[in-house]
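Student: Hi, could we go through this structure together? I would like to start with the overall picture and then pick out some details.

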Amino acid sequence: MILHFGSSLKTRIAVVAGLLLLAGITLISLFATKILHDDMQDLVSQQQLTAANYIARDIDGKITLRRESLKRVALNMPPALFTNPAALQIWLEDRKAIHTLFPIGLMVIPPDGGPTLADTPHLKTRPKSFTDRDWFIDVIASRETVVSKPLIARATQEPALVVAVPIFDPQNNLLGILAGVTPLATPGFLDLIQGVRPGTQGSYQLISPRHRIYALTSEKSTAVTPLPDTGKDPIIDQAINGMRGIRIITNAAGEEELVAIVGVPQPRWLLIARQPGKEAFATVANTLRNLLLITALLALPIVVMLLAALSRLLQPLATLAGELHSMAEGTRPMHPVEARSADEVADVANSFNRLQGKLQEQEYRLAEMAHHDVLTGLPNRLLLTDRLENGLKQMPRIQHSMAVLFLDLDGFKTVNDNHGHQVGDLLLIEIARRLSDSVRTADTVGRLGGDEFLIILSPADNPLEAAERVAETCLHALAQPIIIGDLALTVTTSIGIVICEKQQAESVTASQLMSQADVAMYRAKAAGRNRYAVYAAPSLPANNKNV
């Protein structure tokens, strides 16, 4: 039975070694120390590589989120706004869901490079021309989305990253460029690197090999600075030349460092975690030195006892490293690790759990922002499209048809112009609530953007009858005045209905259904508004009805 000698792992190892000093050991202890050295070195290495992989995946995911979110905003931007800068400015400011991803700059830039047609926040220091920026040149040349190299934002003088998306009209002519600027140290973005170190003397270095610059490092002063010349830092040279994984490398000063190098795919960056070898393997070195000092005095039975004791004492560390390694390799899902002791291993486990919890919470919030409208909390265009596609896939199996309603508010712009966007936002929130109360729990109400809403009815035997009943319910619900402060506002809606029969499910897309419902909605507006119209083929008249 192993006695419990305090809560410190180092203390327990020292006490066990002191007790075994009384008996002596043979040459077998040399073999045991070699095994111990290799195992502990591997555990420390795997911990550093696991942490580096975790951070690299987190960085890549956040850059991908910003890239895809900006592309969705660009796709939804009406081309007509480019002839009306004031309306374009209002439209850009209304995209509140993406402002948190690009806090110091969301800009619409003309094809000639500037000045901006619209920007938010509006900064007086915003440059008048972007023609000298690499990312602008790349977008103009490639006509594709570009993630810039790490740079210093001229408007704020902060290290930043720019994501730029080209915007085209229906004839594929370039209307402009939508660019978003994010400070590298924005909370929830890349701030996990600054001020954080592997151990107490190590460092994280996030570099862009293509541009030979640092993006961020543990030292704030080196952000967006050139990399050392080739030959001055062997570790960076090996990273650029293709080395990946964990390795012990001798640096330019002739000292060994434990180095983990992993890729960040989306921006084609590299994350380098480096720690002095003396610090990384300090525990290993201390243990080996103590064991070698008593080698000549200990006997074979004591060797067996020593190995058994150390195996027992180091089991929590081995278990923890094995779990972290499995999660880093993707052989098991991310989950909190269990602290099976009350020592430094437990501190590492608890710290990892806290870090994992914070990252998962941030990912959950970003996922919610990506799929739900920030103002109303309703599903946004992305989530609505996904649910429509799932509904179309299920229709052949359940043998029912489906209805989609496209709603566009009548006169909402007048409310915004006369009473301001704050009143308009409160009005949209109440309208969203009324629309949600007008459908069943199995149906979906979502906001496409601006004053446009979409309702997806669950499949039914008679979808047209169900859709007309819901449309009339919505028209009646919005006919009641909405009280906001001292104002009593009435905003009607025009509704377009499209029915997807079960035999159409495999030949129609979610985008086509929304477009057809949009066409029917415009027919309802043309017929006098405050009514609904049912989509029909161009050769057939559309049914419409008002309340």
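Student: How many helices and strands does the chain have?

Tutor: The chain has 15 helices and 19 strands, and please keep in mind from the start that this is a predicted model.

Student: Okay, and what percentage of the residues is buried?

Tutor: Of the 547 residues in the chain, 48% are buried. The accessible surface of the chain is about 26100 Å², and carbon and sulfur atoms account for 55% of that surface.

Student: What about the largest nonpolar core, which residues have the most contacts inside it?

Tutor: That core has 45 residues, and Met77, Leu178, Leu206 and Leu271 are the ones with the most contacts inside it. Several elements supply at least two residues each, including helix H2 (28–76), helix H3 (85–93) and strand E5 (159–168), and H2 gives the most, with 10 residues.

Student: And what does Met77 touch, leaving out residues up to four places away in sequence?

Tutor: On that count Met77 touches Phe82, Leu88, Trp91, Val108, Ile167 and Leu178. Apart from this core there is another one, of 34 residues, and among them are Leu409, Leu428, Val439 and Leu489.

Student: Switching to H14, how far does it reach from its first C-alpha to its last?

Tutor: Helix H14 (residues 463–479) reaches 24 Å, which is close to the 24 Å expected at 1.5 Å a residue for its 17 residues. Its buried residues include Ala467, Val470, Ala471, Cys474 and Leu478, and what covers the buried residues of H14 includes H13 and strand E12 (401–410).

Student: Why would residues three or four places apart point the same way?

Tutor: An α-helix has 3.6 residues a turn, so residues at that spacing end up pointing the same way.

Student: Last one: why does Thr120 count as buried?

Tutor: Thr120 counts as buried because its relative accessibility is 14%, and the cut-off for buried is under 20%. Thr120 lies in strand E2 (residues 118–120), and, not counting residues up to four places away in sequence, Thr120 touches Leu92, Glu93, His99, Gly105 and Leu106.

Notes:
Residues numbered from 1 in each chain as written. Predicted model: local features only at pLDDT ≥ 70, side-chain atom pairs only at ≥ 80, totals over all residues. Heavy atoms only, no water. Helix = DSSP H or I, 4+ residues; strand = E, 2+ residues; numbered from the N terminus. Buried < 20%, exposed > 50% of the residue type's maximum accessible area, 1.4 Å probe, protein only. Areas by Shrake-Rupley, 256 points an atom, 1.4 Å probe, with all protein chains shown as cover. Core = buried A, V, L, I, M, F, W, Y, C linked by side-chain atoms within 4.5 Å. Contact = heavy atoms within 4.5 Å. Expected span 1.5 Å × (residues − 1).
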